[in-house]
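User: I have a model open and want to learn how to read it. Can you take me through it feature by feature?

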Amino acid sequence: MAQLRFEALKKLSERPRVHVEVPNPVVSKFFGEYVYGIEQMRATLAPGLFKKVSQAIKNHEKIDDATADAVASAAKSWAMAKGATHFTHWFQPLTGGTAEKHDSFFDALAGIEKFKGSELVQQEPDASSFPSGGIRSTFEARGYTAWDPTSPMFLYGKTLCIPTIFVSYTGETLDQKAPLLKALKAVDLAATKVCQLFDKDIQRVVASLGPEQEYFVVDKDLFLARPDLVMAGKTVFGHSPARGQQLEDHYFGSIPSRIYDFMKEFEIECWKLGIPVRTRHNEVAPSQFEVAPLFEEVNVANDHNQLMMDVMGRVADKHNLKVLFHEKPFAGLNGTGKHNNWSLITDTGVNLYAPTSSARDNLLFLTFFVTTIKAVHEHADLLRASIATAANDFRLGANEAPPAIMSVFIGSQMTAVLDELEKKGNVKIEKGDNMYMKLGIDQIPEIILDATDRNRTSPFAFTGNKFEFRAVGGSDNCATAMTALNTIVADQLLHFYDAVNAQIEKGEEKRLAVVNVLRQYIKESKNIRFEGDGYSEDWVQEAAKRGLSNVKNTPRALDAYITKKSLDLFVKHEVMSHKETEARTEIRLESYIKRVQIEARVLGDLAMNHIVPTAIAYQNKLITNANGLAGLGIDNKAVVQTIREISGFIETIKNGVREMIEERKRANKITDTHKRAIAYCDDIKEKYFDVIREAVDKLELLVDDEDWPLVKYRELLFIR
Ligand code: ADP
Ligand code: MG
């Protein structure tokens, strides 16, 4: 095994550089080359047909059969002209990742290439192997995928991919996209309603998302020589290297050339696919990087994020690299997140989270700003649950990670504005008064965008013209978080609307009614606002005093989905039925169990088959040495001491692994999924992972480097 490590290290030093050239420095020349979206439809469809499709897409209406046939035929011609042979419905099952099943255009029976409208609109993949949380039993395997025309088709390799939702035969959604689309519709309806209190011209509000994606990159052969990375996506052992991230020299540093080549190439591929990647830089930890796209409508942005992760994986392979999206691949180093920058933008072009120099518009801004904070306050537990996964537990709430407390950071300027508004609660506004001036909201300076202080420790931060949900995990699909966020904001906006109208009906002036409700919200949601260091122990104490929850692990966090409050919330906004929410929660619990189970197995196997034998072999060498020394009459105490230490660690590992296996057997017998997940969390992960790891990591320091079987952190992270 140590041989594998050294072979991998040798290969690494002999790697040729993969040179990458941008096809054209003018990116607009090839941006979206592989996209069949609205513009391509316009170019390839008869004007009458195009009008029909674009209207239907815009108004979320059904596309009739003849039109679907025309679109399918045009898309096929477009794709075949670019070399496509197959098409697939591309969807996002609840397993994570994306799924596809390719069919050829070529129909051997007819002897021609075909692609019918009905095939574009709906397909019936064998759904039996996707998780359904008990909604669909395996014998009733039928589920179907249905075209989402709001996200453009794209050519990936030789396959035309059609973004779709995935639904069981009985109509329950079984994927990430379907509830997201419904939540986006809910927030559109609610936000438009509220906007119309201010401006009747606003007919539609679109939620936008710019997901900043963090990731680690390691050499492919080093990766392959680490079975834990291969099986669990993370290292379960590894002593921290002498140099970690303490020098803070990686962040924004110059990008290593091998990584730079890889970045260039995946960016080019993304651009061709219409993914607007824009920013690249080194992250805080060694070998950690970030890519950020320009924001887009949430659904498209999320499809693009999912596709981008896939592109990155494929391109990395060509460069003999491996991308890690796991939330905590290396102990002792920063974890990996996917910061969800989010805002709401009207069809009149107004970003509702951007303060302006116009006092009147600022009331609209404050409405959305305060209502969002209130929504987070009301549903903090649901937001926490929306980002809960086995992997994200290592990034939030674990020993070296920030706590899993939800709070909102707004910066000192906005704090001052809200304080002022709250304080001026009893200011009497007379006819003819400048209300905005009297309330101190006449000038929220525009410069706030640049002047907003940043807080990297806040899970949910206002960054001048958008909120950034930073707690989302690096490997996660943004849809879960975005579905929750958009639904809770939709709900709070409707409450706001009702409250304002109730006051208007009692004779209050509209603007004052708005201010009154905002003031009330500011007071009620104060507890969720926190401007300090979210990673500090003080905050944990302070949050507890404030009564904020700090749910450390997924099985307990997920309870927030199945409270009556949350179940009803999703029903009210037609996002998910009770059954759907319950099924999803069940699936996520099962997924949690499986992840912990895999990690426990990998950890046990590696410890027993790689580490213990290595430690014993080395110990034997020491024993020979100790005997030799004794024979020569030389003091061998130091060697004997080491032998004893090694024995101690071996014993800890063996006992730990044995007991952990017993606990697993016990846990596997628990039929209730929730209880089984808790057992996996408390009795397996919490009890054994760190104990075993500590002993292994200690051995790593004792055993001869020549013999150590696992690629070390310093090799994984610093050799490129
Ligand atoms: P910051 O410096 O605050 O991180 P950036 O301008 O670098 O801001 O943007 C980070 C991400 O936020 C990018 O993906 C960007 O496109 C996205 N973003 C910017 N404005 C918005 C917005 N109004 N809504 C959603 N995402 C946005
Ligand atoms: Mg970042």
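Analyst: Start with an aromatic residue. At 12% relative accessibility, Trp78 counts as buried. Keep in mind that this is a predicted model.

User: Which residue pairs with Trp78, and how are the rings set?

Analyst: Two rings pair if their centres lie within 6.5 Å. A search of the whole structure finds 27 aromatic pairs. In one of them, the ring centres of Tyr36 and Trp78 are 5.3 Å apart, with 50 degrees between the planes, so this pair is tilted. Tyr36 sits in strand E1 and Trp78 in helix H4, so the pair ties together parts 42 residues apart in sequence. Tyr36 is buried too, at 0% relative accessible area.

User: What does an edge-to-face pair look like here?

Analyst: Planes over 60 degrees apart count as edge-to-face. Take Phe330 and Tyr713: 5.3 Å centre to centre, 90 degrees between the planes. This pair links distant parts of the chain, 383 residues apart. Phe330 is in the loop between strands E14 and E15, while Tyr713 is in helix H24. Both residues are buried.

User: Which residues form an aromatic cluster?

Analyst: One cluster includes Trp342, Tyr353, Phe365 and Phe460. Phe467 and Phe469 are also among its members.

User: How many disulfides does the search find?

Analyst: The criterion is two cysteine sulfurs within 2.5 Å. The search of the whole structure finds 0 disulfides.

User: Now the ligand. Which residues come nearest to ligand 1?

Analyst: Look at the surrounding shell, then at its contacts. There are 14 residues around ligand 1, and Ser208, Pro293, Phe295, Ser343 and Arg454 come nearest. By class, the shell holds 4 nonpolar, 7 polar and 3 charged residues. Strands E10 and E15 each supply at least two of the shell residues.

User: Where are the polar side-chain atoms of Ser343 and Lys466 relative to ligand 1?

Analyst: For a polar contact, look for N or O atoms within 3.5 Å. A polar side-chain atom of Ser343 is 2.8 Å from a ligand 1 nitrogen. For Lys466, a polar side-chain atom lies 3.1 Å from a ligand 1 oxygen. Asn341 has a side-chain N or O atom 3.3 Å from an oxygen of ligand 1.

User: How much of ligand 1 does the protein bury?

Analyst: Compare the ligand alone with the ligand in place. Alone, ligand 1 exposes 550 Å², and the protein buries 74% of that.

Terms used:
Residues are numbered from 1 along each chain as its sequence is written. Chains are lettered from A and ligands numbered from 1 in the order in which they are written. This is a predicted model: local features need pLDDT of at least 70, side-chain atom pairs count only at pLDDT 80 or more; totals for chains, interfaces and linings use all residues. Side-chain values use heavy atoms; hydrogens and water are left out. A residue is near a molecule or strand if one of its heavy atoms lies within 4 Å of it. A polar contact is a pair of N or O atoms within 3.5 Å; within protein, one must be able to donate a hydrogen and the other to accept it, and residues adjacent in sequence count only if both atoms are side-chain atoms. Accessible areas come from the Shrake-Rupley method with a 1.4 Å probe; for residues, only the protein chains shown count as cover. Helices (H or I, at least four residues) and strands (E, at least two) are DSSP runs, numbered from the N terminus. Ala, Val, Leu, Ile, Met, Phe, Trp, Tyr, Cys and Pro count as nonpolar, Asp, Glu, Lys and Arg as charged, and the others, Gly among them, as polar. Rings of Phe, Tyr and Trp (its six-membered ring) pair if their centres lie within 6.5 Å; planes under 30 degrees apart count as stacked, over 60 as edge-to-face and the rest as tilted. Buried means under 20% relative accessible area, exposed over 50%, partly exposed in between (1.4 Å probe, protein chains only).
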